[in-house]
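Here is a short report on one protein model.

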Amino acid sequence: MTMMSMIKGHTSVFQCIGDAYIKRDDQRFYYAYLLCIRAKTDLKALHKYLINRYNFNRLVCAKLLRKARMK
């Protein structure tokens, strides 16, 4: 999966992460989250966006990241 195909159809990486979070798609969530880290995105801003839009929970985030790393 390329980074561009991952965000296809979304206007921002934040929306892509939110969509993957809602669908519990661990692989897409992991790649998008790493993309934000590589781009040196302010993760507090990302988490604030996800909390406001998608009822984000950091425990679920950690589980998704852990699950994707194990694959």
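Among contacts in the protein between residues at least 6 apart in sequence, what percentage join residues at least 24 apart? The value is 61%, with contact meaning heavy atoms within 4.5 Å.

## Basis of the model

This is a predicted model: local features need pLDDT of at least 70, side-chain atom pairs count only at pLDDT 80 or more, and totals for chains, interfaces and linings use all residues. Residues are numbered from 1 along each chain as its sequence is written, and side-chain values use heavy atoms, with hydrogens and water left out.

## Overall fold

The protein has five helices and zero strands. Its pattern along the sequence is α-α-α-α-α. Helices (H or I, at least four residues) and strands (E, at least two) are DSSP runs, numbered from the N terminus.

Of the 71 residues, 34% are buried. Buried means under 20% relative accessible area, exposed over 50%, and partly exposed in between (1.4 Å probe, protein chains only). The accessible surface is about 4900 Å². Carbon and sulfur atoms hold 56% of that surface. Accessible areas come from the Shrake-Rupley method with a 1.4 Å probe; for residues, only the protein chains shown count as cover.

## Packing of α3 with α4

Helix α3 spans residues 26-38 and helix α4 residues 43-54. They pack at about 145°, with axes 10 Å apart. Tyr33, Cys36 and Ile37 of α3 touch Leu43, Leu46 and His47 of α4. By class, this contact has five nonpolar, one polar and no charged residues.

Axes are lines fitted to C-alpha atoms, for helices over the stretch in contact; angles run from 0 to 180 degrees between N-to-C directions. Ala, Val, Leu, Ile, Met, Phe, Trp, Tyr, Cys and Pro count as nonpolar, Asp, Glu, Lys and Arg as charged, and the others, Gly among them, as polar.

## Packing of α3 with α5

The axes of α3 and α5 come within 8 Å and cross at roughly 100°. The two helices are therefore roughly perpendicular (65 to 115 degrees). On the α3 side are Asp26, Gln27, Phe29, Tyr30 and Tyr33. They meet Cys61, Leu64, Leu65, Lys67, Ala68 and Arg69 of α5. By class, the contact has seven nonpolar, one polar and three charged residues.

## Two positive phi values

Lys40 lies in the loop between α3 and α4. Its phi is near 60°, positive in a residue other than glycine. Lys40 counts as exposed, at 75% relative accessibility.

Asn55 sits in the loop between α4 and α5 (58-70). Asn55 is not a glycine, yet its phi is positive, about 55°. Asn55 is exposed, with a relative accessible area of 67%.

Definitions and conventions
Angles under 35 degrees count as roughly parallel, over 145 as roughly antiparallel, 65 to 115 as roughly perpendicular and the rest as oblique.
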